[in-house]
Amino acid sequence: MRWLLLLLIPFFIWQKVYKPEEVKQDGITLKQAAPFPLGASVAVKLLLGDSLYRQTVEREFSSLTSENALKMNRVHPAPDRYDWSGGDSIINFAHQTGKRMHGHTLVWHRSIPKWVESFQGDSLAWENLLKSHIQTVVKHYKGKVRSWDVVNEAIDNDGSLRKTIWSDHLGSDYVARCYQYAHEADPNALLFYNDFGQENNPLKATAIKAMLVDLKQRGIPIHGVGLQSHITIYHSNSKYRAGLKEMTSLGLLVHISELDIRLNRKKTKEFIPSIGMLEQQEEKYKDIVEIYKDVVPVKQRYGITIWNVGDKDSYVSDNCKCSDAPLPFDTNYKKKLAYKGLIEGLRE
Ligand code: XIL
């Protein structure tokens, strides 16, 4: 009997520590399980050049966000030149495969082209520059892009209006005008304000809410709010819930717009996730979906979008100069435990 136990104990330890629970690689897909649109941000290069990536995107998601292709430096590389190639590739793919298209992003303080950085002109010239950028892009995709992140990250962490090239040249009310310009260009497009940290920083969430209430009261055409949600497995559920509630109370559409859940809190260069961490990630993906379903009324659910598709194409590693594994698919686009967590959360 004893020898049997001696044999079995190491076996159980091995099962738990070294052998993660297998995740079934077939079965229901995310978009089938989801009672609302389920999206991913996509990169043109991979969509065109990596068939496994393309198949995964096609199979799993019902909504697409352009990761970089519609940012100003990509789409408007010179004063008189627009490059539609990247945006067109994603949007054509979305249409061919019956997916909703969310455009990201018309106005941001990053991804500014060089020619804008060195632009010289008075406030009217700056106003025309931004107005014509917004309207040219929105008109080009009129009727093809269902919704836009019009302004991204305009509020700073201390709750003040972020000091950017746009606020410097256009004054503190520039955000409102961006929405008016976009609405004139495509009155049917849904217009979102997108930002990060609402789920983490109550000061910032309150400031974002105040700005959006003000825009609504003034009749500015704004239809939705995005919470980026770049979080870690250590993020508190109650904090996430509180931030989401604050945004939902505006009565606008609510988009979890850039979800990913990091593991490597210390941001070390070398990092191998433990099974315990991958299980925590599974749980956290499930929690976030359940909190969304619990807090956001059906009519306000614009859906959940993850930022990138698999751990291979995640922006996180580049961004932190470290190694991490924040997404539901691994580096070979195999489903992780995190995928299972998402499915469990999504299923009614
Ligand atoms: C990131 C992209 O994923 C990267 O490829 C790029 O180098 C920088 O921008 N918040 C946003 C996104 O709103 O636009 C950012 O995307 C990630 C953080």
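Here is a short chat about the pockets, cavities and ligand of this predicted model.

Visitor: What ground rules apply to the residue numbers and the atoms here?
Guide: Residues are numbered from 1 along each chain as its sequence is written, and side-chain values use heavy atoms, with hydrogens and water left out. The model is predicted, so to speak of local features takes pLDDT of at least 70, side-chain atom pairs count only at pLDDT 80 or more, and totals for chains, interfaces and linings use all residues.

Visitor: How far is the side chain of glutamate 67 from an oxygen atom of the ligand?
Guide: A polar contact here is a pair of N or O atoms within 3.5 Å; within protein, one must be able to donate a hydrogen and the other to accept it, and residues adjacent in sequence count only if both atoms are side-chain atoms. Lysine 71 has a polar side-chain atom 2.7 Å from a ligand oxygen, and glutamate 153 has one 3.5 Å from a ligand nitrogen. For glutamate 67, a side-chain N or O atom and a ligand oxygen are separated by 2.5 Å.

Visitor: Where does the ligand sit?
Guide: On a 1 Å grid over the protein atoms alone, a cavity is a set of points where a 1.4 Å probe fits but cannot get out, and a pocket is an open set with protein on both sides within 12 Å along at least five of seven lines; lining residues have an atom within 4 Å of a point. To sit in one, a molecule needs more than half of its atoms within 2 Å of its grid points. The ligand sits in the largest pocket.

Visitor: Which element supplies the largest share of the lining of that pocket?
Guide: The largest pocket has 41 lining residues, with Arg110, His230, Trp307, Tyr315 and Asn319 nearest its centre. They divide into 10 nonpolar, 17 polar and 14 charged. Elements (DSSP runs numbered from the N terminus: helices are H or I, at least four residues; strands are E, at least two) that each give at least two residues include strand S8 (253–262) and helix H14 (316–320). The largest share, five residues, comes from H14.

Visitor: How much space lies in the largest cavity?
Guide: Two cavities of 30 Å³ or more turn up in the whole structure; grid points are joined across faces, edges and corners, and a volume is the space filled by probe spheres set on the points. S3 gives the most to the lining of the largest cavity, three residues. The space in the largest cavity is about 50 Å³.

Visitor: Which residue does a cis peptide bond join to histidine 104?
Guide: Most peptide bonds are trans. This cis one has an omega of about -10°, and the partner of histidine 104 is threonine 105.

Notes:
Nonpolar A, V, L, I, M, F, W, Y, C, P; charged D, E, K, R; others polar.
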